[in-house]
Amino acid sequence: MIERGLRLDLELVSWIFAKPEMHHWIDLYKRDLMPHGIRFFGHGHTHALHDTMDFEPAYDSFSTNFRLMREWGLEPKAYAYPGSSGKRRSTQAANRLAGFICARGSTLQREDYFIAPGELAEPDNWYFLPSVIMGNASFQYIDVHEKLVPILDEAVERTAWIILMYHAIGIPEGWSYYPIKDFLRDLDAIIARDFWSANMDAAACYLAERASVRFSITDISGTRDATVLQVHVDDQLPDNIYDQPLTIMIRSKYAVGALEGALISVQHIDDTRVTAELLPDGSTFTVQVLNRSI
């Protein structure tokens with residue numbers, strides 16, 4: 001994954017690493033994995049089926065997991081239910097109240113693989129995101145590369161987010177074994193297509209920001225030749241959690257000139273179209289439009 005510049009998330013069951021003899025692994029993960037795009041999602045304080053619990057013990061497991069991950073500098077945001085056991089409303093509410101911004105389960109229904117496709121702004125349920133189950137533990141799972149390819153192609157066609165959930169990659173004796181040769185082919189297929197390979201928390205932040213973002217545009221100056229507009233962009237979400245840049249496009253019947261302000265990058269596609277990347281945290285920038293306003 002690192003060699004290919006792709007992103008990967010690993011589960012974190014916190015009771016394991018709370019043991020003194022295991023805790024040194026956290027420092028190794030922070031040093032050797034996180035700087036290279038390998039992040040961690042919450043997976044419970046214990047590897048429990050949380051739908052079998054009442055609200056309070058489920059909340060205790062989630063909140064302990066979240067608290068310890070935060071204390072250890074793992075920046076918890078996303079969660080994955082062990083055994084995909086997170087279908088109950090009370091389980092999902094406990095997970096949300098513990099501090100996680102999203103949680104995933106899994107699905108065997110192909111139509112449900114595709115999250116927020118097309119013009120749909122955000123998922124139907126942030127606290128039971130479906131994932132594609134990879135491996136051989138069931139004939140219904142995706143157990144070889146050839147079965148994944150049409151799913152990748154459909155995701156691109158539908159401009160949808162898909163989550164691939166692997167287990168025993170290259171470990172034949174592990175639960176839901178997936179061959180390493182097929183995994184490497186999967187990675188190369190992802191690279192060959194128009195995907196943004198993102199950590200789960202980054203993708204969730206991006207979709208939430210995109211769904212919530214609001215713009216206000218003010219005409220601040222103008223001459224016979226040009227008008228300067230001030231654009232204010234805000235998603236009204238907590239900036240310390242929702243920290244992914246968005247890309248916006250400015251289109252005009254007339255030529256677009258300089259953009260200045262709180263922008264990460266600017267790209268002029270042609271005379272009348274410009275894209276700008278920025279954080280939707282109340283940022284403002286100005287755009288010059290020649291001859292007439294947008």
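Visitor: Before we look at single residues, what do "buried" and "exposed" stand for?

Guide: A residue counts as buried when its relative accessible area is under 20%, as exposed when the value is over 50%, and as partly exposed in between. The structure above is a predicted model. In it, Gln-236 has a relative accessible area of 62%, and is therefore exposed.

Visitor: Where is Gln-236 found, and what is its phi?

Guide: Gln-236 is in the loop between β8 and β9. Its phi is about 60°, a positive value although the residue is not a glycine.

Visitor: Thr-159 also lies in a loop. Which elements stand on either side of that loop, and what is the phi of Thr-159?

Guide: The loop with Thr-159 runs between α5 (145–157) and β6. Phi of Thr-159 is near 45°, again positive in a residue other than glycine.

Visitor: Is Thr-159 buried or exposed?

Guide: Thr-159 has 54% relative accessibility, so it counts as exposed.

Visitor: And Tyr-178, is that residue buried or exposed?

Guide: Tyr-178 counts as buried because its relative accessibility is 0%. Its place is in the loop between β6 (164–165) and α6 (180–192).

Visitor: Which residues is Tyr-178 in contact with?

Guide: Leaving aside neighbours within four places in sequence, the contacts of Tyr-178 include Met-134, Gly-135, Ile-142, Asp-143, Val-144 and His-145. Also among them are Tyr-166, Ala-168, Ile-169, Gly-170, Phe-183 and Asp-186.

Visitor: How far apart are Tyr-178 and Cys-102 in sequence and in space?

Guide: Tyr-178 and Cys-102 are 76 residues apart in sequence, and their C-alpha atoms are 26 Å apart in space.

Visitor: Now the sheets. What should I keep in mind about side chains in a strand?

Guide: In a regular strand the side chains alternate between the two faces of the sheet. With that in mind, take the open sheet of four strands, whose order is β7-β8-β13-β10 and whose pairing is antiparallel. At its edges are β7 (214–222) and β10 (256–261), each of which pairs on one side only. From one strand to the next the twist averages 25°.

Visitor: How is β7 joined to β8, and how many bridges are there between them?

Guide: A hairpin joins β7 to β8 through three residues. The two strands pair in the antiparallel sense over eight bridges. To find your place in this pairing, look for Ile-217, which stands opposite Val-231 in β8.

Visitor: What comes on the way from β8 to β13?

Guide: Strand β8 (residues 226–234) and strand β13 (residues 281–290) run antiparallel and are joined by nine bridges. Here Leu-229 stands opposite Val-287 in β13.

Visitor: What is the strand order in the open sheet of three strands?

Guide: The order is β9-β12-β11, with antiparallel pairing. The edge strands here are β9 (246–251) and β11 (265–270), each pairing on one side only. The twist averages 20° from one strand to the next.

Visitor: How many bridges join β11 to β12?

Guide: Five bridges join β11 to strand β12 (residues 273–278), and the two run antiparallel. Within this pair, Val-266 stands opposite Ala-276 in β12.

Visitor: Last, pockets. How is empty space found?

Guide: Rolling a probe the size of a water molecule over the atoms shows where empty space is left. In this model the second largest pocket holds about 350 Å³ of space.

Visitor: Which residues lie nearest the centre of the second largest pocket?

Guide: Of the 20 residues that line the second largest pocket, Arg-39, Glu-75, Lys-77, Asp-201 and Asp-243 lie nearest its centre. The elements that give two or more residues to this lining are α3 (55–71) and α7 (200–212). α7 gives the most, with three residues.

Visitor: What is the lining of the second largest pocket by class?

Guide: The lining has eight nonpolar, five polar and seven charged residues.

Key. Residues numbered from 1 in each chain as written. Predicted model: local features only at pLDDT ≥ 70, side-chain atom pairs only at ≥ 80, totals over all residues. Heavy atoms only, no water. Pairing = 2+ DSSP bridges. Axes fitted to C-alpha atoms, helices over the stretch in contact; angles between N-to-C directions. 1 Å grid on protein atoms, 1.4 Å probe; cavity = no way out; pocket = protein on both sides within 12 Å on 5 of 7 lines; lining within 4 Å. Points joined across faces, edges and corners; volume = space filled by probe spheres on them. Nonpolar A, V, L, I, M, F, W, Y, C, P; charged D, E, K, R; others polar. Buried < 20%, exposed > 50% of the residue type's maximum accessible area, 1.4 Å probe, protein only. Contact = heavy atoms within 4.5 Å.
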